[in-house]
Amino acid sequence: MQPDSMIRMTGALLQHGPASDRVYLMKLASPDVPRIIRFMEQLASTNGYTKLFAKVPGPAEGWFRAQGFKVEARVPNMFNGSQDGCFMAKYPKRERSVIRSPKLVQEVLSTAREQSVQNGRTLPEGWTIGAMKPEDAKAMAGLYHRVFETYPFPIDDEDYLLSTMESHVRYFGVRDAEGNLTALASAEMDCSSGNVEMTDFATLAENRGKGLACILLAHMEKEMAKAGIDTAYTIARAHATGMNIVFARQGYSFAGTLPNNTQIKGDLESMNVWYKPLEARDKTL
């Protein structure tokens with residue numbers, strides 16, 4: 001399945017397509033909010049999409065509410081440490097808004113929330129962690145291809161990885177004692193808004209259970225704090241107990257659930273939003 005398309009309109013960044021069957025406003029940069037909303041509505045109507053999804057700063061919330069959007073998750077002070085981030089949605093087809101297996105979603109969330117914050121996990125002897133470089137793109141694409149059958153973005157494409165490295169994404173990886181890449185994650189930075197999405201976590205099956213995602217996340221937080229980022233967040237699969245636990249153990253707070261939001265491994269999945277302020281004292285590390 002081909003990933004959805006990315007388009008820009010008067011500074012705004014949107015993703016749309018049949019894979020996730022939605023229009024996603026990823027970044028609202030234009031002051032002409034009514035025009036952006038109309039454009040989203042037109043895209044959805046023309047293509048028959050069943051969800052309109054928007055990530056917007058608090059001051060734009062009223063505009064979207066007036067057009068039938070509702071807040072599904074809210075991250076305090078997500079934009080430049082002063083404005084909330086609102087994850088809002090509108091459903092042309094009501095059934096898309098109904099969470100499948102709601103009991104499982106609540107069980108996963110309850111299990112994650114019961115976790116105590118854990119710090120100080122270490123890599124196995126001889127293993128290393130660090131930022132990925134352009135020359136690593138081929139190995140990165142190969143790892144992502146092995147881990148994900150399908151994904152909302154073409155992270156198994158070497159050219160895509162290189163283009164995002166050049167713009168706004170920093171990738172971090174773990175190598176085993178022989179130098180083989182075994183785990184990856186990315187920090188999708190919005191420097192103008194002071195936030196970062198911690199995403200694209202992938203570990204080869206044979207090396208799961210070593211806490212590599214937790215170690216990667218802790219390392220990434222330090223690097224993002226040094227880069228001047230105020231708030232980290234993630235959009236994690238609501239049925240995936242392991243990844244929700246990773247963020248809960250690292251001190252992230254739950255912000256809300258996005259029903260049937262993202263296509264992963266060929267199916268639409270509900271997603272949980274978690275967030276964490278990156279404290280100023282970390283920026284000296």
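Is Asn80 buried, partly exposed or exposed at 47% relative accessibility? In this predicted model, local features require a pLDDT of at least 70 and side-chain atom pairs count only at pLDDT 80 or more, while totals for chains, interfaces and linings use all residues. Residues are numbered from 1 along each chain as its sequence is written, and side-chain values use heavy atoms, with hydrogens and water left out.

Asn80 counts as partly exposed because its relative accessibility is 47%; buried means under 20% relative accessible area, exposed over 50%, and partly exposed in between, with a 1.4 Å probe and protein chains only. Asn80 is located in the loop between β5 (70-79) and β6 (83-90). Helices (H or I, at least four residues) and strands (E, at least two) are DSSP runs, numbered from the N terminus. Most residues other than glycine have a negative phi. Asn80, although not a glycine, has a positive phi of about 55°. Asp200 is also a residue other than glycine with a positive phi, near 60°. Asp200 belongs to strand β10 and, at 8% relative accessibility, counts as buried.

The packing of helices α4 and α5 was examined next. The axes of α4 (residues 137-147) and α5 (residues 158-167) come within 8 Å and cross at roughly 120°. Axes are lines fitted to C-alpha atoms, for helices over the stretch in contact, and angles run from 0 to 180 degrees between N-to-C directions. The crossing of α4 past α5 is right-handed, a term used when the near helix is turned clockwise from the far one by less than a right angle, whereas anticlockwise is left-handed. On the α4 side, the contact (heavy atoms within 4.5 Å) is made by Ala137, Lys138, Met140, Ala141 and Tyr144, and on the α5 side by Glu158, Leu161, Leu162 and Met165. This contact comprises seven nonpolar, no polar and two charged residues. In this classification, Ala, Val, Leu, Ile, Met, Phe, Trp, Tyr, Cys and Pro count as nonpolar, Asp, Glu, Lys and Arg as charged, and the others, Gly among them, as polar.

Within α5, Leu162 has a relative accessibility of 22% and so counts as partly exposed. Neighbours within four places in sequence aside, Leu162 is in contact with Pro134 and Ala137. The C-alpha atoms of Leu162 and Thr203 are separated by 20 Å, with the two residues 41 apart along the chain.

The largest nonpolar core contains 37 residues, and those with the most contacts inside it are Phe87, Met140, Tyr144, Tyr171, Ile235, Leu258 and Val273. Such a core is a set of buried Ala, Val, Leu, Ile, Met, Phe, Trp, Tyr and Cys residues joined through side-chain atoms within 4.5 Å. Helix α4 supplies the largest share of this core, five residues. Apart from this core lies another, of 30 residues, among them Ala185, Ala187, Met224 and Ala248. With residues up to four places away in sequence not counted, Tyr144 touches several residues, including Ile155, Leu161, Tyr171 and Asp200.

Helix α6 (residues 212-226) contains Leu216, which counts as buried because its relative accessibility is 1%. Beyond its neighbours within four places in sequence, the contacts of Leu216 include Ile129, Phe172, Leu184 and Phe201. Leu216 and Met198 are 18 residues apart in sequence, and their C-alpha atoms are 9.9 Å apart in space.

Helix α6 packs against α7 (residues 241-249) at an angle of about 40°, with the axes 10 Å apart; the two helices are therefore oblique to each other. Their crossing is right-handed. Ala213, Cys214 and Leu217 of α6 meet Met243, Val246 and Phe247 of α7, a contact with six nonpolar, no polar and no charged residues.

Helix α7 also packs with α3, at an angle of about 30° and with the axes 8 Å apart, again in a right-handed crossing. Here Val108, Thr111 and Ala112 of α3 meet Thr241, Asn244, Ile245 and Ala248 of α7; four of the residues in this contact are nonpolar, three are polar and none is charged. Asn244, Ile245, Val246, Phe247 and Ala248 are buried in α7, and the elements covering the buried residues include α3 (102-113), β10 (195-203), α6, β11 (231-237) and β13 (267-277). Just after α7, Gly251 adopts a positive phi of about 90°.

Terms used: Angles under 35 degrees count as roughly parallel, over 145 as roughly antiparallel, 65 to 115 as roughly perpendicular and the rest as oblique.
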